[in-house]
Amino acid sequence: MQGFLDIFDIYLLEAVVNGILLGGVLALLALGLNLIFGVIDVTWICYAELVMIGMYGMYYMVQVFGLPYWVAAPFAILLVAALGAALHYIVIAPLLTAPPINQLLATGGVLFILQSFATVAFGIDFRNLGIRLPVLAIGEMHFSYSRLLAFVAALVGMLAIYFFMKRTYTGTAIRAVAQDRQIMSLMGVDTKRIYLITSALGGALAGLAACLLVLQYDVHPFVGLSFGPITFLICVLGGLGNFVGGFIAAFVFAQIISLGGLFSDLEWGYVLAFAFFIVMMFIRPAGLFARRS
Amino acid sequence: MNPRHAAWGVGLAALIALPFVYREPYHLHILVLILIWSFAYTAWSIMGRFGLVSLGHGGFMGVGAYVTALLWNHLDVSPWIGIPISMVAAGVLALVVAYPCFRFRITGHYFVLVTLALSGIVLQVITATRDYTGGSLGYTPNRARSGTGLMALQFDDKTTWYLIALGVWVLGLLVWRWVDRSMSRYAMEAISEDEDAAAAAGVNVTAEKLKITLISALMTALAGALYCQYQMFISPDTVSGIAVSLQMVFAVIVGGLYVSLGPTVGAIITIMLAEVLRIGFGTKAVGWDNLVYGVLLVVFIIFLPKGILGSVLDRLKTQPKPSGTK
C-alpha cells in the first residue's frame, strides 16, 4: 500500500508540473484572443485554426524544405501574423459596424475555410516534425524538453507583449483604443492602423503557439478543435479582454486537464474542465476576476 | 381562406403526393436529407432569430442521435421510447448550460463561446467513451429482425422515410409559426433589444430565454435521432461538434434567418451544393464542399445578412404592388 502511494504521489506531482507547463501555451493563446477582443471587440472563432496553419507552416519549412527549427520559427510567426492582418482586412474590417454576432459568425466561416483548405491542400494525414527533444528526468519524474521550451517561450512571448504595450507609443495607442474607441479616433489615433497592428500581433501570438505546439503534437486539419474550445472557455472564465484573468484561468484549466488526464483519458480532462467551467459560471458569472460594479 | 393558405395547402398536397408518382430512390434520398436538415435548421433559427446565437446545437444533435442509438443497441429500448429519452437528455443539457448563462446575463460573445465549447465537449465525450460509442469511427444501430421494423423505427422503404421527414418538417414549421405568433416572440424581441428595459417592462427574461432554448434543443435532438434512424450510421463528426453547429448557422444565414422557410431554403442550397461537388469531384471533393461553404458564409454575412429568401421577400415587399397578406 505504501509503495502504491509513493508512485501515486510521483505521478501526481508530474501531472501538476506538466499542467503548469501546458498552462503556459494556453495562456499564450488566451492572451492573443483577449488582445483581439479587448481592442477590436471581435472574437476570432477561428483562432485555433490560425495556429493549425502555423503548425503546417512549420511542418513544411522543417520537413519539406529542410530549414532548421530556429530559422523556420520566425517565418512561421510572420506567416500567421500576416494571416491575422489579412483576416482583419478582408473579413472583419467590412463588418466593423455590423452586429457583433455577424462578425463572430464570419470568423466561423473562416474556420470552415481554413479547415477545409488544410484538408484539400495538405490531406488528412497526421504529420509531425520528426524532432524528438530529449526527456528531462528529475528523480522518477519525466518532463519533455519540448514542454519546458514551450513554457519558457510562452512566458517570454507574453513578457514581450507586455513591454510592447507599456513602453512603446503604438502599444500605448492600442491600450488607449481598448479603453475608448470613439474618443481615440478624435485624438488623432488612426484606429484602422491600430486594429491592423493588433490583428497582426494576435496572429503572431498564434504563430508562436504553433511553433511550440508542433513540437508536442502531430498536426492535422482538425487539430485546432482539440485546443480551440478550451481557449474560449479560458477567455470567458478569465473575463473576455481581461489579460490577467485569462492568464490565471489558463493555468487553472491546464491543471484540471492534466490531473483529469492522469486519472482517465485526456478527453475526460476536457470534460472535467467543462464541468468546472459550468460550476464557475454559477459562482462567478462575469469571470473569475470580475470587478463587482 | 386567403390565397396564402391556399398556396401552403397546394404545396403541401403536392409534397405528400410526390413519392407516389416519382420513385427515383436517389432523388428521394436527397429530399429526405433536405427535410431532416431543414427541420434541424428551423430548430436553430427559432433561437437564432432572437439574437440567441448558439453554436451548441451540434451538441444537442449528437445527444439526440447517440442516446437513441445507444439505448437501442445496449438496452434494447425501442427508438419510440429512446427518442423521447434522448430529447429529454438534450433538454436537460440545454437547461444546465443555459440557465447560468441567462440567469447571470451571459450574452453575445460570451454566450456563443460557452455554447461553442458545449458542442466541442459533446464531441470529446463521444470520442472518449469509444468503448460504447465506437469513438470517431462512428456507430451503427443494430438492424432490427425482419417484421419488427416499425417497432425499431427502421424502414428500408424511402417513401416511408420521406413521409416521416415531411411530417417532422411540417411540425417544425408549425412550431416556428406558433412561436412567431406567441407572446414569447414579443418578449424575446424586447429582450434582444435591451434586456434591462424588457425586465423593467415585466418580461421574465430568464424564463423566456430558457423556454425558447428548450424548444430549440428538443427539436434539434429529434432531428439528430431521426438522422441516425434514417442513415443507420452516425459518427461524431456528422452529428456533433463545432462543424455541425457552424453548418447549421451557415445554412440558416444563407437561406434567411427571419423568415419561416429560410432554413429550408438554406438546407436545399447547402445539400445540393454538397451533392453537386461530391458528384463533380468524386472523392477529391473531400474538403471542397466545406471550403465553398466557408467562403459563401463570409460573403453572405458581409453582403447579404438577411439571406437569400429574406432579401428576395424584402425586394418583393418594397415593390409598390399592394398585397392583402401580412
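**Close-up views of a two-chain predicted model**

**View 1. Where chain B meets chain A.** In this predicted model, 39 residues of chain B are in contact with 39 residues of chain A. On the chain B side, four helices each supply at least two residues: H4 (79-103), H5 (108-128), H13 (242-255) and H15 (288-303). What kinds of residue does chain B bring to the side that touches chain A? They divide into 30 nonpolar and 9 polar, with no charged ones.

**View 2. Helices H14 and H15 of chain B.** Here we zoom in on H14(B), which spans residues 262-281, as it packs against H15(B). The crossing of H14(B) and H15(B) is right-handed.

**View 3. The residues between H14(B) and H15(B).** From H14(B), the contact is made by B:Thr270, B:Leu273, B:Ala274, B:Leu277 and B:Phe281. H15(B) answers with B:Trp288, B:Asp289, B:Val292 and B:Tyr293. Sorted by type, the residues of this contact come out as 7 nonpolar, 1 polar and 1 charged. H15(B) also turns up in View 1, as one of the helices that supply residues to the side touching chain A.

**View 4. The two domains of chain A.** Chain A is divided into domain 1, made of 47-118 + 145-222, and domain 2, covering 226-293. How many Å separate the centres of these domains? Taken over C-alpha atoms, the centres are 21 Å apart.

How values were computed: Residues numbered from 1 in each chain as written. Chains lettered and ligands numbered in written order. Predicted model: local features only at pLDDT ≥ 70, side-chain atom pairs only at ≥ 80, totals over all residues. Domains from an automatic or database assignment. Contact = placed C-beta atoms within 7 Å. Nonpolar A, V, L, I, M, F, W, Y, C, P; charged D, E, K, R; others polar. Axes fitted to C-alpha atoms, helices over the stretch in contact; angles between N-to-C directions. Left-handed = near helix turned anticlockwise from the far one by under 90°.
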